[in-house]
Amino acid sequence: MNYVIIGAGPAGVVAAETLRKHDAKGSITLIGDEGEPPYSRMALPYYLIDKISEQGTYLRQTADHYDNLKIKYRQAHVNSVDTKAKTLVFGDGKTLKYGKLLLATGAHPIRPPVTGLDLPGVHTCWTLEDARKIHQLAQSGAHVVLMGAGFIGSIVLEALVMKGVSLSVVEMEDRMVPRMMDDIAGNMLKNWCKSKGVRVLTGTRITELSDTGKGLKVGLNKGKLPVAQLVVVAAGVQSNIGFLKGSGIKTDVGVLVDDRLQSNVEDVYAAGDVAQAKDLSTGERNVLAIQPAAVEHGRLAAMNMAGLDTRHRGSLPMNILDTLGLISSSFGQWMGTKGSETAKMVDKKNYRYLRLEFLGDRLIGAQSVGMSDHLGMLRGLIQSETSLGPWKQTLMASPSRIAEAYVAKMHGSLG
Amino acid sequence: MQKTLVIDPGKCTGCKQCEMACSYVKEGTFNPSKSRIRVFDFHTEARFVPYTCTQCDDAWCQQACPVDAITTDPVSGVKQVHDNLCVGCKVCTIACPFGTINYNVSTGKVIKCDHCGGDPECVKACPTQAIVYSDAEQAGFDKMRQWAAKTDNAPQTTA
Ligand SMILES: Cc1cc2nc3c(=O)[nH]c(=O)nc-3n(C[C@H](O)[C@H](O)[C@H](O)COP(=O)(O)OP(=O)(O)OC[C@H]3O[C@@H](n4cnc5c(N)ncnc54)[C@H](O)[C@@H]3O)c2cc1C
């Protein structure tokens, strides 16, 4: 079989490796359009603070990894896909035939329609190339403005503060990480950041950027900010589906795939940030845009491509964030759903919070602040749809006993 | 033959010597909260359950790692964290459905059971043989594996 994978992020790389595991002889081509060996975007914040070198961001640490697995890594941009002729067209006009195709092209950062966003000194933080520029401009003492305090913005926030910049964060919504956690958690994070000397403006919009000659003037819909040496834009992402126009491959916000990760076109699959695949928590198709989902998709898509019928139950939304030492996490339907019951443990003074959401006696969502032990159990309980029985009432009264409940359920004799 | 930690909660008295030994050998301090094995205390039923990583085949932690910092030893099957590569992103700690890989604030890295390289300290420290290091896939452990299968996202095909 002639397998071709477009996109060499975690989804593409795991897919290529999985294909090789199940098909020793097939031809595997992995195509990426960035200048580096396959790397991990998630590692960029650690490169920014010099915890790792550029090489430390590489997805696989041995130089001959792809050669050893007979995976052809080709650096090129794919312009279009002809699904009738089963052919890709590259930027330079060259073409490539495929037998089975995986779309793993990821996503790109959204650039909101704000005047001045294309000025020098304004950068997204999405690629290694972006990170190099931010690394250079985020000098100790510089004033940096971060546009957006979503999940990615908040990860970048920590790296910027650790670089010693003076940081202002501007977020449109009423709290930090509005799509990952509720107002109690989001405001805990905000207060924590403020206590660490970060200026956090929620419910505020950047209206305009202009060059004063001495730096960037950042116009707000209310209030004022000092001139900035760097503006980092983290205003959300969109799946890379533009090059599929006219291919007949069905898209919505991402490539719509079935429970084998196959698109409406036979032999064309999708995985990772580009795939609109089943969300385990809602059963609906959704772009999760997280690393664990990218890897799950990559593995399952490849198994199906190799002829092993393997169904995707759905991936679980989940995130973990370290905000200047305050660790927070969220899983599944953390915001609850129709008919769900909520248990909360709130300790604002000590920045500790745990919220559990139950549907019947099953856990369907969770969020935590100020905790880092056994967090994976939350995923385990949600994903296994474990019936908690009498433990449900115990947890409604004392949510912090969740780890105990987990171990008890695993050892059946304990209720 | 791969060896596993076989845990029999029925024999555990809750003395926590395993936690002490583990944290001392691995972290240089007698601090149960830094132990890779934890004893859960169900006082109402007077039962104690030692709990740690099963070195599961799915290797959720390894798969989720964005920088190749977790590998499986080809001989022992043990999942190992390489401190020189771990950036402390913690994604493995939410990806593992058992909650047995955790973040260590003092080092900025994640920690998990690695069988102490083939000579587990918890086993030596346990006075009642509630934890033994054995060749066989035995009782309590199978239970955990069954549970593991339930959490899986898709039928795993073994290579
Ligand atoms: C700073 C930062 C921090 C993050 N932190 C976390 C985190 O803590 N936890 C988490 O779960 N997620 C995190 N993420 C998100 C995570 O990195 C993504 O979910 C993940 O990278 C998705 O993998 P992917 O393989 O689908 O896409 P990508 O990693 O984006 O890879 C896709 C590749 O395809 C290439 N490509 C696109 N179009 C074409 C084309 N037409 N031709 C050829 N090549 C093409 C792209 O250039 C790219 O190299 C973070 C992201 C960033 C930027």
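**Entry 1: B:Ala95**

I began with B:Ala95, which sits in helix α3 (residues 91-95) of chain B; helices (H or I, at least four residues) and strands (E, at least two) are DSSP runs, numbered from the N terminus. The model I am reading is predicted, so local features need pLDDT of at least 70 and side-chain atom pairs count only at pLDDT 80 or more, while totals for chains, interfaces and linings use all residues. Residues are numbered from 1 along each chain as its sequence is written, chains are lettered from A and ligands numbered from 1 in the order in which they are written, and side-chain values use heavy atoms, with hydrogens and water left out.

Is B:Ala95 buried or exposed? I found that B:Ala95 counts as buried because its relative accessibility is 2%; buried means under 20% relative accessible area, exposed over 50%, and partly exposed in between (1.4 Å probe, protein chains only). Leaving aside residues up to four places away in sequence, B:Ala95 touches A:Met318, A:Arg379, B:Trp60 and B:Ala64, where contact means heavy atoms within 4.5 Å. I also looked up B:Lys26: from B:Ala95 it is 69 residues away in sequence and 23 Å away in space, C-alpha to C-alpha.

**Entry 2: chain B as a whole**

Next I stepped back to the chain. I noted five helices and eight strands in chain B, in the order β-α-β-β-α-β-β-α-β-β-α-β-α from the N terminus on. Of the 159 residues in chain B, 52% are buried. Taking contacts in chain B between residues at least 6 apart in sequence, I read that 55% join residues at least 24 apart.

Most residues other than glycine have a negative phi.

- B:Ala59 has a positive phi of about 50° without being a glycine. B:Ala59 lies in the loop between β3 (47-51) and α2 (60-64) of chain B, and it counts as buried at 7% relative accessibility.
- A:Lys86 is not a glycine either, yet its phi is positive, about 50°. Its place is the loop between β4 (78-82) and β5 (87-90) of chain A, and A:Lys86 is partly exposed, with a relative accessible area of 24%.

**Entry 3: helix α1 of chain A**

I then turned to α1 (residues 10-22) of chain A, which has 13 residues and reaches 18 Å from its first C-alpha to its last. That is close to the 18 Å expected, the expected span being 1.5 Å times one less than the number of residues.

How many of the 13 residues of α1(A) are buried? I got eleven, so I wrote the helix down as mostly covered by the cut-off for buried. Among them are A:Pro10, A:Ala11, A:Gly12 and A:Arg20. The buried residues pack against several elements of chain A, including β1 (2-6), β2 (27-32) and α7 (291-305).

**Entry 4: the ligand**

Residues from chains A and B surround the ligand, so the site is shared between chains. Of the 31 residues around it, A:Asp33, A:Glu34, A:Arg41, A:Asp273 and A:Gln291 come nearest; a residue is near if one of its heavy atoms lies within 4 Å.

- A backbone N or O atom of A:Ala11 is 2.9 Å from an oxygen atom of the ligand.
- A side-chain N or O atom of A:Asp33 is 2.5 Å from a ligand oxygen atom.
- A side-chain N or O atom of A:Glu34 is 2.6 Å from a ligand oxygen atom.

Conventions
A polar contact is a pair of N or O atoms within 3.5 Å; within protein, one must be able to donate a hydrogen and the other to accept it, and residues adjacent in sequence count only if both atoms are side-chain atoms.
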